[in-house]
Amino acid sequence: MKRRSFLTSTTLAAAALGLGLPAMAQEPLKVGFIYVGPVGDMGWSYQHDQGRKAIEEAYGDKVVTSYVESVPEGPDAERVLTQMALEGNKLIFATSFGFMDSVMNVAAKFPDVKFEHATGYKRADNVATYDARFYEGRAVQGTIAGRMTKSNKIGYIGSFPIPEVVQGINSAFIHARKVNPAVEMKVVWAYTWFDPAKEADAAAALIAEGVDVVLQHTDSTAPQAKAKEAGIYSFGQASDMEAFAPAPRISSIIDNWAPYYVERVGLMLDGKWASSATWGGIGAGEVQIGEISEAVPAEVKAEAEALRDAIAKGDYHPFTGPLNKQDGSVWLAEGEVADDATLSGLNFYVEGITAELPK
Amino acid sequence: MIRLERRAVPSRLWTVATPVAAVLATMVAGGILFAALGKNPAEAIRMIFWDPLFGPNASYFRGQLLVKAGPLILIAAGLAVGFRAGVWNIGAEGQYIMGAIAGAGVALAAYPAESPMIFPAMVLAGALGGWAWAMIPAVLKARFGTSEILVSLMMVYVAQNLLAYMAFGPMKNPQGFGFPGSRNLQQYPSAHNPELIAGTGMHWGVVAAFVAVIGTYVLMHRHIAGFRIRVAGDAPKAARFAGVVPGRLIAFCLGLSGALAGLAGLFEVAGPSGQITDSFNAGYGFTAIIVAFLGRLHPVGILLAGLLMALTYIGGDLAQLMLRLPAAAIQAFQGMLLFFLLGFDLLTNFRIRLGRARA
């Protein structure tokens with residue numbers, strides 16, 4: 001079945017190209033990946049590359065994957081995307097928000113090539129978007145952090161003040177406050193996704209402010225190393241960062257792109273690929289909670305896991321009212337749940353966070 | 001016993017031969033590196049140096065070569081004038097950013113008005129932005145004798161923070177759903193710096209780069225001012241007797257290189273990049289320093305060096321994609337180029353002698 005539909009899809013692809021060449025059944029589907037960081041960052045790009053490897057494993061010689069790493073956002077990304085399309089890649093994954101306009105430009109020039117853009121909001125007939133509900137994982141982290149802090153100060157290393165990150169800060173804070181009403185949140189913006197030196201500085205600044213649990217939305221393990229030195233707790237980001245377990249790394253958020261990538265490539269092979277916007281969370285398996293280490297008391301672990309399971313089943317939404325905005329005005333009434341449109345453009349803190357969101 | 005003996009006069013032969021020898025040595029050493037990584041070195045070298053020019057899809061890459069080389073040549077041409085005079089502007093990256101901010105600022109202020117005057121006004125603003133930023137180290141040096149090397153470099157970091165502030169703050173696209181980054185100037189006809197002939201990569205920035213090469217050639221080799229600049233670099237005391245005012249010379253050199261870097265930034269933001277984003281600067285200002293030296297601080301040399309550097313970028317991406325070479329190997333390869341250039345440079349001023357020195 002699969003093989004037959006595969007034949008059809010390559011025939012269609014060749015016909016669509018208008019090359020008039022006889023379709024070769026053996027010709028594998030070429031899938032390209034463009035990464036913003038090095039594949040060895042052990043965080044964001046590393047996880048995407050794990051997804052790429054999962055594709056190779058799932059489809060064997062029906063696919064050929066390739067990637068270009070550390071591509072700056074802007075004209076360079078546009079050139080690399082064009083190169084990939086010219087080299088015959090039929091499905092291209094662009095794995096950083098900043099690639100958005102480049103993807104749109106190149107997609108317009110290559111209508112037969114399908115593009116998948118991570119975390120963006122622009123779509124076309126041949127451009128799909130996908131993202132993960134990281135804020136679900138942040139709720140679990142916030143719960144653990146709220147229970148684990150002794151100084152009642154939690155630190156958060158922000159990358160950029162974009163909605164995805166603001167969701168995470170709010171979610172972590174809401175759930176830390178729920179279990180520990182005295183908790184305060186300190187936020188430092190590193191203005192980078194991956195820069196070990198800057199991330200280490202940000203962690204040091206938080207530690208100097210008396211923070212004893214650090215969450216991060218940047219991809220290197222530098223904050224883990226700082227946390228270890230200072231003897232405080234931290235969470236793995238994007239990748240499990242298990243090298244720092246059981247402490248300082250007491251749990252982690254793992255981006256698991258493999259199921260999505262395998263599914264999308266499968267659709268492509270079957271000729272059923274269509275543009276869509278996917279936003280999966282813990283339930284869909286895109287967001288995983290890394291092993292909660294033995295540094296965390298058993299009852300806290302049980303509480304965190306119960307929250308994780310409730311979110312996975314859809315019984316609980318991390319943004320459920322009553323919730324006020326930072327200025328005290330009402331955001332969500334009792335029992336009301338935030339809608340995706342508001343979340344995907346989230347640009348305010350919830351009540352109780354004293355830091356100011358950079359405008 | 002091998003020893004070095006200073007030449008009475010720099011070798012003319014080696015002045016010309018050094019860059020060629022450096023490129024050849026880079027190919028050999030790079031080939032060994034690629035072989036050690038388990039790739040076919042000949043294939044990798046061909047992929048980097050040959051395929052973008054003459055391989056399949058070369059018609060696209062040749063245009064991209066100009067897009068990539070344009071800003072490098074434009075900046076390096078200005079820097080070389082200062083370097084000849086012993087004025088070390090290391091902060092072209094910052095001036096590039098400021099030119100882009102100033103130019104894009106004009107466009108965003110005028111949006112959505114359409115007028116043929118907008119683009120010229122942007123060009124002016126871009127040059128002024130870069131010029132003004134370079135004037136800060138110039139004035140500090142002339143007045144207080146501060147090191148322009150340090151001040152101009154530090155101003156890069158100030159400019160980067162200002163860029164991030166602009167992308168997240170005043171210049172953020174009001175229709176961007178809260179995401180960072182300005183409006184895309186490619187979609188604003190009056191402000192867009194388009195491809196002048198479709199498919200060639202030629203935009204106004206590339207034209208400006210050619211004009212800068214010719215202009216600095218005339219200045220340095222056909223004009224009394226160029227003679228004074230060269231004397232000031234070679235023999236500062238003699239230059240004073242010849243009537244060179246050091247303060248003015250510093251202001252001229254920094255101002256010129258700043259204005260050209262600002263122009264490069266403006267043409268980039270209005271053209272290939274399109275947007276003010278926090279990651280807008282892709283290191284052109286720093287790479288241009290390498291280009292200036294690779295080109296022997298001579299305008300024609302810079303033109304060739306800029307194209308060569310662009311070739312290693314484009315070919316490097318291609319080698320990553322096709323041969324799965326890691327990005328770090330490509331960067332090491334580019335680093336070797338400068339390393340060998342400086343190494344062979346020794347031969348311009350020294351000769352190698354065997355045997356003991358005569359008393």
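Reply: Two strands are taken to pair if DSSP finds at least two bridges between them. In this predicted model, 6 strands of chain A form an open sheet on that basis, in the order β7-β6-β8-β9-β10-β12 and with mixed pairing. At the edges stand β7 (184-189) and β12 (287-290) of chain A, each with a single partner strand, so one side of each has no neighbour in the sheet. Direction ignored, neighbouring strands of this sheet are turned against each other by 20 degrees on average.

Strand β10 (residues 249-255) of chain A runs antiparallel to β12(A), and 4 bridges join the two. A:Asp255 has A:Val287 of β12(A) as its bridge partner.

Where the domains of chain A touch, 13 residues of domain 1 are in contact with 14 residues of domain 2. On the domain 1 side of that contact, helix α2 (residues 44-59) of chain A gives the most, with 3 residues, and the residues on this side comprise 7 nonpolar, 4 polar and 2 charged ones.

Chain A also touches chain B, in a contact that takes 29 residues from chain A and 28 residues from chain B. On the chain B side, α4 (58-84), α7 (148-168) and α13 (299-323) each supply at least two residues, and α13(B) has the largest share, with 5 residues. The chain B side divides into 14 nonpolar, 11 polar and 3 charged residues.

One of these helices, α4(B), also packs with helix α11 (residues 246-270) of chain B, at an angle of about 175 degrees and with the axes 8 Å apart. The two helices, α4(B) and α11(B), are therefore roughly antiparallel to each other. Among the residues that meet are B:Leu74, B:Ile75 and B:Gly78 from α4(B), and B:Leu256, B:Ser257 and B:Leu260 from α11(B). By class, the residues of this contact between α4(B) and α11(B) divide into 13 nonpolar, 3 polar and 1 charged.

In chain B the domain assignment gives domain 1 (1-39 + 325-359) and domain 2 (67-320), with 29 Å between their centres, taken over C-alpha atoms. The contact between these domains of chain B takes 9 residues from domain 1 and 8 residues from domain 2. On the domain 1 side, α1 (12-36) and α14 (327-349) of chain B are the elements that give two or more residues, and α14(B) has the largest share, with 6 residues.

An unreviewed UniProt entry places the feature "transmembrane region" at several stretches of chain B, including residues 12-37 and 241-267. Over residues 12-37 of chain B the model is 96% helix and 0% strand, with the end C-alpha atoms 38 Å apart, while residues 241-267 of chain B are 85% helix and 0% strand, with their end C-alpha atoms 40 Å apart.

Methods: Residues numbered from 1 in each chain as written. Chains lettered and ligands numbered in written order. Predicted model: local features only at pLDDT ≥ 70, side-chain atom pairs only at ≥ 80, totals over all residues. Contact = placed C-beta atoms within 7 Å. Nonpolar A, V, L, I, M, F, W, Y, C, P; charged D, E, K, R; others polar. Axes fitted to C-alpha atoms, helices over the stretch in contact; angles between N-to-C directions. UniProt positions renumbered as here; feature names shortened; annotations may be inferred. Parallel < 35°, antiparallel > 145°, perpendicular 65-115°, else oblique. Domains from an automatic or database assignment.
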